[in-house]
2 protein chains.
Amino acid sequence: MRRLPTVSDVAEVAGVSRQTVSNVLNTPAIVRPETRERVQEAIASLGYRPHASARRLRTRRSSTIGVRLDPGTDGMSGSLLDRFLHALVERADRSGLRVLLYTAADEDAEIAVFERLLDGADVDALVLTSTHYGDRRIPWLVEHDVRFVTFGRPWGEHDTTDRSHRWVDVDGRAGLHAGTTSLLEQGARRIAFLGWPVGSGTGDDRRNGWRQAMREAGITDLAGLDLQVEEDPQDLGRGGRAVAGLEPAPDAVVCASDSLALGARLALGPDVPVIGYDDTPLARALGFASIAQPLDEVAAAVLDLIGSDEGVHHRLLTPRLVQR
Amino acid sequence: MRRLPTVSDVAEVAGVSRQTVSNVLNTPAIVRPETRERVQEAIASLGYRPHASARRLRTRRSSTIGVRLDPGTDGMSGSLLDRFLHALVERADRSGLRVLLYTAADEDAEIAVFERLLDGADVDALVLTSTHYGDRRIPWLVEHDVRFVTFGRPWGEHDTTDRSHRWVDVDGRAGLHAGTTSLLEQGARRIAFLGWPVGSGTGDDRRNGWRQAMREAGITDLAGLDLQVEEDPQDLGRGGRAVAGLEPAPDAVVCASDSLALGARLALGPDVPVIGYDDTPLARALGFASIAQPLDEVAAAVLDLIGSDEGVHHRLLTPRLVQR
């Protein structure tokens with residue numbers, strides 16, 4: 001890497017002390033005009049520019065946001081966070097902010113990374129993803145007075161009124177409600193929900209959207225239609241087998257993810273409507289409908305909240321049903 | 001964000017000048033033992049740590065690698081670069097290096113970003129992706145004596161002996177050769193190649209692997225079997241239609257990408273062997289074979305070359321055929 005000119009180089013060329021160069025840069029009024037001119041000529045001839053690290057040192061701000069890059073799961077939900085990262089970096093770039101990536105194997109390791117990054121003033125703020133109920137990172141950051149926003153709500157009780165930290169999330173319940181309602185309008189009645197076992201905040205939220213739309217249509221006996229499978233990247237057929245086992249066959253299936261929807265599509269064929277979640281390339285490739293998270297809006301809201309000292313503590317955005 | 005203790009805070013608590021604190025930190029031998037002890041006590045009681053920006057300023061090294069995050073294409077090749085980024089960040093983390101992301105709409109914009117990053121000494125080195133023949137970024141970086149490695153070969157004539165810059169790439173020709181040979185061994189003779197129009201370095205390299213394996217098996221009339229389609233994320237069926245139009249039908253199809261392979265698989269059904277490229281979730285989901293780039297090895301080689309002043313200028317790695 002080329003060596004950049006330093007204050008010492010400027011001082012040598014101008015025949016003055018380093019302190020005088022520093023005075024010209026920071027308090028020019030106290031320097032004699034002839035000296036000031038000589039230093040400014042040296043600065044111009046060398047192409048010297050005050051160092052960003054020096055600027056950061058003065059201002060204690062690095063204009064940098066830290067984001068954890070999750071281990072490559074290579075699956076569908078991993079790809080969602082990658083797409084969020086793209087949206088965030090593009091938006092941040094336009095605001096003159098930089099994004100620094102880090103990895104961490106678990107919450108304790110991530111808290112150790114926070115300490116390193118904050119000690120070094122390497123980041124001004126953090127964006128957290130993959131939040132969950134009882135997330136230890138959040139109280140640590142609150143206690144240490146660190147500026148941060150999570151993509152993901154707190155997932156505790158009363159989470160949408162919890163003011164302990166700022167967050168942005170997408171209303172999965174509204175998404176599944178819209179998807180299920182659209183199938184009901186097309187005449188489907190026996191609509192199955194293919195999701196994860198009860199207990200994950202995200203999954204239960206999506207299930208509730210389906211339940212609510214079904215109840216609104218007067219369909220209250222959902223017992224056999226609520227299919228719960230563990231997702232397994234090595235066995236994408238698991239959801240398909242659950243759906244194929246339904247007796248009688250369903251009119252349509254709404255799913256908690258596109259990979260579950262893929263299983264349903266392959267098991268039932270293209271004549272049974274299937275709706276996935278996250279609008280991944282899989283949904284486009286196989287031509288099934290899917291619920292798209294507005295990742296560009298999420299990124300904009302995260303950056304908005306991260307820079308804000310106002311009272312708004314969260315944004316719950318509405319996803320969009322992509323029909324196919 | 002919490003305010004970190006500064007040299008001034010230490011000076012105040014110890015009742016000495018800022019210069020004395022600086023001396024204790026940098027040239028302790030010149031400070032009287034009693035004073036040194038007082039300053040060290042103040043450092044300990046305040047939890048002061050020399051600022052990372054200050055360290056960087058002294059050493060002119062930020063231990064940071066700059067990487068462009070390409071606009072989210074949301075397709076299959078975009079996901080490959082995301083997977084490379086994951087591998088790079090994980091490897092870099094283990095070496096104490098950080099990865100700073102930037103975006104740029106085109107080559108000129110990216111060169112402007114280089115200038116900003118280098119002026120600020122914000123990065124020590126750059127990793128470039130999506131290189132192509134005539135890439136203007138490369139001569140700019142060479143001319144400005146910037147340390148960089150490309151994931152992607154120069155793609156000019158004599159590229160593998162070109163010593164103008166360091167690069168790592170994956171031997172797509174070897175990958176298609178292995179895939180085609182494996183199909184020949186299974187008894188297939190009429191093996192079509194489904195790729196992009198002639199003219200892209202990557203695509204032609206992959207096509208040449210298929211050609212070579214076919215010639216080695218004594219199959220020289222390849223005219224009707226060399227299918228060339230523009231990939232269109234909005235119309236994934238294009239490759240499938242080209243394959244379905246073959247008369248007589250092919251025994252098997254090797255493809256330049258998984259999204260092309262998806263089209264072939266959907267058009268021909270599961271009984272005709274299809275081999276894709278990049279081993280994406282699509283290949284796993286639909287159960288077709290694919291050629292996997294060794295992204296973790298690529299990341300390791302990139303970091304190896306970026307830190308090296310030795311004579312090795314490139315690494316051409318061999319991909320792996322994932323049978324299904």
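**Aromatic contacts in the predicted model**

A:Phe193 and A:Trp210 are both buried. The model that holds them is predicted. The two residues form a stacked aromatic pair, with 5.5 Å from centre to centre and 25° between the planes.

Over all chains, the count of aromatic pairs comes to 8. A:Tyr102 and A:Phe114 form an edge-to-face pair, because their planes meet at 85° and angles over 60 degrees are assigned to that class. Their ring centres are 6.4 Å apart. This pair, too, links distant parts of the chain. A:Tyr102 lies in strand β2 (residues 98-102) of chain A, whereas A:Phe114 lies in helix α6 (residues 107-119) of chain A.

Accessibility was computed for each partner. A:Tyr102 has a relative accessibility of 3% and therefore counts as buried. A:Phe114 has 0% and so counts as buried. Both residues also take part in a cluster, in which ring pairs link A:Tyr102, A:Phe114 and A:Trp140.

Charged groups over rings were examined next. In chain A, the charged end of A:Arg206 sits over the ring of A:Tyr277, at 3.6 Å from the ring centre. In chain B, B:Arg206 lies over the face of B:Tyr277, and the distance to the ring centre is 3.6 Å.

Methods
Residues numbered from 1 in each chain as written. Chains lettered and ligands numbered in written order. Predicted model: local features only at pLDDT ≥ 70, side-chain atom pairs only at ≥ 80, totals over all residues. Heavy atoms only, no water. Phe/Tyr/Trp six-rings, centres within 6.5 Å; stacked < 30°, edge-to-face > 60°. Helix = DSSP H or I, 4+ residues; strand = E, 2+ residues; numbered from the N terminus. Buried < 20%, exposed > 50% of the residue type's maximum accessible area, 1.4 Å probe, protein only. Lys NZ or Arg CZ within 6 Å of the ring centre and 35° of its normal.
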